[in-house]
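Please look over the structure shown below. A short report on its fold, surface and selected residues comes after it.

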Amino acid sequence: MASEVRIENPAKDTYVLRNTSGGPLDEVMVDVARTGATSQDLPAGMDLAPEEGVEFHLHHHGGYRPPASMHVRWQGGPDWVEVPVS
């Protein structure tokens, strides 16, 4: 199911959550509690068209390492899905 979405990391604190499902995804959200970082513009209930991406930022403090994956869910999908950061 992780193939429904992709998380890209084009810059240090910048991430892009992209819909790769081929169809619309509704109520898409990232579980910030599992990232261990503070966030800005985190997807929380967004609707994404096919191939649409939304940029957000995670701020890592105190030597915290960037996440290798994040948990994402959407309406009609499974519970939280672990998605690798690429």
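**Overall fold**

This is a predicted model. The protein has eight strands and zero helices. Along the sequence the pattern reads β-β-β-β-β-β-β-β. Its C-alpha atoms fill a box of roughly 40 × 25 × 20 Å along the principal axes. The radius of gyration is 12 Å. A compact globule of 86 residues would have a value near 12 Å, so the two agree.

Of the 86 residues, 35% count as buried. Contacts between residues at least 6 apart in sequence also tell something about the chain: 48% of them join residues at least 24 apart.

**Surface and charge**

The protein exposes about 4,700 Å². Carbon and sulfur atoms supply 48% of that area. There are 6 positive and 13 negative side chains. The centres of these two sets lie 9 Å apart.

**Strand pairing**

Strand E3 covers residues 25-30. E3 runs antiparallel to E5, and three bridges join them. Here Val28 stands opposite Met46 in E5. E3 also pairs with E7 in the antiparallel sense, over two bridges. On that side, Val30 stands opposite Val72 in E7.

E7 has a further partner in E8, again antiparallel, with four bridges. Met70 has Val83 in E8 as its bridge partner. Val83 also belongs to the covered face of E8, together with Val81. Glu82 and Pro84 make up the uncovered face of E8.

**The loop between E7 and E8**

Which loop holds Asp79? Asp79 lies between strand E7 (69-73) and strand E8 (81-84). Is Asp79 buried or exposed? Its relative accessibility is 55%, and exposed means over 50%, so Asp79 counts as exposed. Asp79 still touches Val72 and Arg73, leaving out residues up to four places away in sequence. Val72 is also the residue in E7 that Val30 stands opposite.

**Two glutamates with positive phi**

Glu27 and Glu51 each have a positive phi without being glycine. Glu27 sits in strand E3. Glu51 sits in the loop between strand E5 (44-48) and strand E6 (53-59). Their values are set out here.

| Residue | Phi | Relative accessibility |
|---|---|---|
| Glu27 | near 55° | 42%, partly exposed |
| Glu51 | about 70° | 47%, partly exposed |

Partly exposed covers the range between buried, under 20%, and exposed, over 50%. Glu27 at 42% falls in that range, so it counts as partly exposed. Glu51 at 47% is therefore classed as partly exposed as well.

**Arg18 and its contacts**

Arg18 lies in strand E2, residues 14-19. Which residues does Arg18 contact, leaving aside its neighbours within four places in sequence? Arg18 is in contact with Glu4, Val5, Arg6 and Glu8, and also with Glu51, Glu52 and Gly53. Glu51 in this list is the loop residue between E5 and E6, with its positive phi of about 70°.

How far apart in space are Arg18 and Gly36? The distance is 21 Å, C-alpha to C-alpha. In sequence, Arg18 and Gly36 are 18 residues apart.

How values were computed:
Residues numbered from 1 in each chain as written. Predicted model: local features only at pLDDT ≥ 70, side-chain atom pairs only at ≥ 80, totals over all residues. Heavy atoms only, no water. Rg over C-alpha atoms; globule rule 2.2 N^0.38 Å. Buried < 20%, exposed > 50% of the residue type's maximum accessible area, 1.4 Å probe, protein only. Contact = heavy atoms within 4.5 Å. Areas by Shrake-Rupley, 256 points an atom, 1.4 Å probe, with all protein chains shown as cover. Lys, Arg positive; Asp, Glu negative; His and termini not counted. Charge placed at Lys NZ, Arg CZ, Asp CG, Glu CD. Pairing = 2+ DSSP bridges.
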